[in-house]
Amino acid sequence: MSDNLKLLRYNTGTDKQVLIQFKNDFSAVIFNATIVAYSRSAVADLVSVHKNQYIIDPQTHIYQQSIHDVKTQNKSGEFAIKKSVSKYLDELPKDLENEFVCRGGCLPTSVIFAHIDDLVDSVYNFETSYVNQYVKSKEYDKYLEFAQIGPKAATVIAPYFMIKSDYTDAEIDEWISLNVEIAKRFILKNNNTYPVGVQIVLDKQILAKEGLVKKICAAYQGVNAKFAFIWIDEFDLFETTNLHRIAFKDLLIGLTALNMRPIMAYGGYDAILLCHQDLPYRMYGVAQSVGYGENRAVTPVGGGLPVNKYYFYPLHDRLKMSDASSILRSKGFFSMDPQKASELFYSTICDCKQCKEIIKNNINNFNRYNEATDYTMKNGIKRNRPTTEATLIAARHFMYSKVKEWEVLDGMSFDDLKMELMNNYSSYGSGRSQSISDWCKIYG
């Protein structure tokens, strides 16, 4: 039986029906703290009725952001801190919130150090008690208490702060020292009640900075955390440079030597492969969202209009529908008998329940993943965006693919999985073939 944590991130209410369908395929649901604060009643329902093992990401890196990054324009045209962020900050030390607002964000380590114990207490209480406050207001609370099946934190994560690429060496040392000290105090506060995780958050550019990985691992020596959640800004191991791949491997080796179990906070198949038991420096879990979120920026920017995408299983990548269709067309799927093409699709591309339900015995039904509706933007320009149905079936297909990826991890050797991956990239003509080959040479 695999000991990997298969984590599913919950982001919006539209994720709920997919999450409920696949809840038994994942170890726990993970929420960002701002979502918990903003949608506390809905979260209480979700973890009480559907998935009682949960993790809350404390998102304390918010204090490092500019206040402009957490503001949004309201209906009257004024800019104010997002309600989700504001509600969460209200649960944390008031003095830190005041400093954050007065300084326009970007708090220095000295300010956070001055309130470190209050921050530890408030974050710990938020992760372990906040949701239960709202469960107790529900009609089913007495039943959950009687049956002893109420929701509980699967793991608690210590407050954490990002190491940014524009920091000086002295600033890097300050932030690492703060992360380590706050982790020690958080672990002391926990007193062996829950498994504890630290979270290491890095700019992608700084990962490969000479000596940084060794410095981080040396600093965490003696920190008795079970997990080390890793979040690298917009990081994809299949696409990054070999220098970054080697640095990431060194990080895994260093954390393994500390007896910490690395978890990818936002990861795709690249991270799932590294959970293989054949590896001496392996990872122990990956979190992803419903249908997306396999890598993520620490400071999110406004997204553009969504487009139809399909998770192309042989490449383990979400492709634009035009690219996925182009691959199928180049392989002759749309020029042969539709029923024979559908059978070939199931044997070579994907035979998940969702694809069979959509395509049936006619490959032309694949276009249902590409259904779109007109959308008029504020400037009056018309665009297309996925229909609700197309978004839903693409998300379900994505989740079936993730379940399969975890299953094959236990059924094939790491070397065989690497060979399969290289063959698929060679077969389906992706421009990433050389990059995949480089990844396979480094990890193994």
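Residues are numbered from 1 along each chain as its sequence is written, and side-chain values use heavy atoms, with hydrogens and water left out. Because the model is predicted, local features need pLDDT of at least 70 and side-chain atom pairs count only at pLDDT 80 or more, while totals for chains, interfaces and linings use all residues.

**Helices 18 and 19**

Helices here are DSSP runs (H or I, at least four residues) and strands are runs of E (at least two), numbered from the N terminus. Two packed helices are described by the angle between their axes and the distance between the axes. The axes of helix 18 (residues 414-427) and helix 19 (residues 433-442) come within 9 Å and cross at roughly 170°. Axes are lines fitted to C-alpha atoms, for helices over the stretch in contact, with angles from 0 to 180 degrees between N-to-C directions. The pair is therefore roughly antiparallel, a label for angles over 145 degrees. Contact means heavy atoms within 4.5 Å.

Buried means under 20% relative accessible area (1.4 Å probe, protein chains only). Among the buried residues are Asp-438, Trp-439 and Cys-440. Their cover includes helix 12 (242-257), helix 13 (269-273) and helix 18. Just after helix 19, Gly-444 takes a positive phi of about 160°.

**Asp-57**

Asp-57 lies in strand 3 (residues 53-57). Is Asp-57 buried or exposed? Asp-57 is buried, with a relative accessible area of 0%. Its side chain has two listed partners.

| Partner of the Asp-57 side chain | Distance |
|---|---|
| Tyr-160, side chain | 2.6 Å |

The pairing with Tyr-160 is a polar contact. That term means a pair of N or O atoms within 3.5 Å; within protein, one must be able to donate a hydrogen and the other to accept it, and residues adjacent in sequence count only if both atoms are side-chain atoms. Leaving aside neighbours within four places in sequence, Asp-57 also contacts residues including Arg-9, Phe-31 and Gln-199.

**Nonpolar cores**

A nonpolar core is a set of buried Ala, Val, Leu, Ile, Met, Phe, Trp, Tyr and Cys residues joined through side-chain atoms within 4.5 Å. The largest has 135 residues, and Tyr-310 and Phe-345 are among those with the most contacts inside it. Helix 17 (residues 388-411) gives the most to this core, with 10 residues. Apart from it lies another core of 19 residues, including Tyr-160 and Phe-227.

Definitions and conventions: Parallel < 35°, antiparallel > 145°, perpendicular 65-115°, else oblique. Buried < 20%, exposed > 50% of the residue type's maximum accessible area, 1.4 Å probe, protein only.
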